[in-house]
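Reader: I would like to learn how to read contacts that involve aromatic rings. Could you take me through them one at a time?

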Amino acid sequence: MGIVKAVCISEKKGTQKVNIHSARFIENFGIEHDAHAGNWHRQVSLISKERIDAFKEKGAQVEDGAFGENLIVEGYDFKTLPVGTVFRCNDVVLKMTQIGKECHAHCAIYKQVGDCIMPREGVFATVEHGGVISEGDELVIVEQPE
């Protein structure tokens with residue numbers, strides 16, 4: 001089981017996301033008002049709180065949303081889960097579609113500390129069923145591919 005620690009969006013691509021604490025997730029689209037929402041396989045990004053904490057221990061000063069993540073969740077090491085894993089949080093159902101991403105241009109965090117964890121630690125998902133997710137909500141795995 002995981003616990004949602006932050007819910008972040010950005011209104012424009014290329015800008016750091018900010019924690020809005022609660023958001024509406026729209027089926028086959030993503031998070032309401034998030035610049036990265038749309039009809040594609042990376043509607044929502046997730047990262048483990050534990051991975052962010054380890055990064056901070058190296059001296060990085062980062063705020064929620066700094067890696068471009070939508071959801072910070074404590075309790076899962078997302079990159080160890082297979083693509084196709086399905087999560088439920090309240091009425092929201094998310095299906096993991098991708099682990100990591102290619103970083104074409106180094107982000108502000110990389111320029112600040114010489115590293116960024118999102119390309120190797122972050123995962124992406126589609127919204128299979130909509131609803132609201134807020135900080136403190138429980139995220140559970142409901143299905144994992146073999």
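Reader: Which residue lies over the face of W40, and at what distance from the ring centre?

Author: Please keep in mind that this is a predicted model. A charge counts as sitting over a ring if NZ of Lys or CZ of Arg is within 6 Å of the ring centre and within 35 degrees of the ring normal. Here K13 lies over the face of W40, at 5.8 Å from the ring centre, and R42 lies over the face of F124, at 4.6 Å from the ring centre.

Reader: How many aromatic pairs are there?

Author: Two rings pair if their centres lie within 6.5 Å, and planes over 60 degrees apart count as edge-to-face. By this rule there are 3 aromatic pairs. One of them joins Y76 and F87, edge-to-face, with 5.8 Å from centre to centre and 65° between the planes. This pair links distant parts of the chain, since Y76 belongs to the loop between strand 6 (71-74) and strand 7 (86-89), while F87 lies in strand 7, 11 residues apart.

Reader: Are Y76 and F87 buried or exposed?

Author: A residue is called buried when its relative accessible area is under 20%. Y76 has a relative accessibility of 9%, so Y76 counts as buried, and F87, with a relative accessible area of 1%, is buried as well.

Reader: Why is the pair of F78 and F87 edge-to-face?

Author: The ring centres of F78 and F87 are 5.7 Å apart and their planes stand at 70°, so this pair is edge-to-face. Both F78 and F87 are buried, and ring pairs link Y76, F78 and F87 into a cluster.

Technical notes:
Residues numbered from 1 in each chain as written. Predicted model: local features only at pLDDT ≥ 70, side-chain atom pairs only at ≥ 80, totals over all residues. Heavy atoms only, no water. Phe/Tyr/Trp six-rings, centres within 6.5 Å; stacked < 30°, edge-to-face > 60°. Helix = DSSP H or I, 4+ residues; strand = E, 2+ residues; numbered from the N terminus. Buried < 20%, exposed > 50% of the residue type's maximum accessible area, 1.4 Å probe, protein only.
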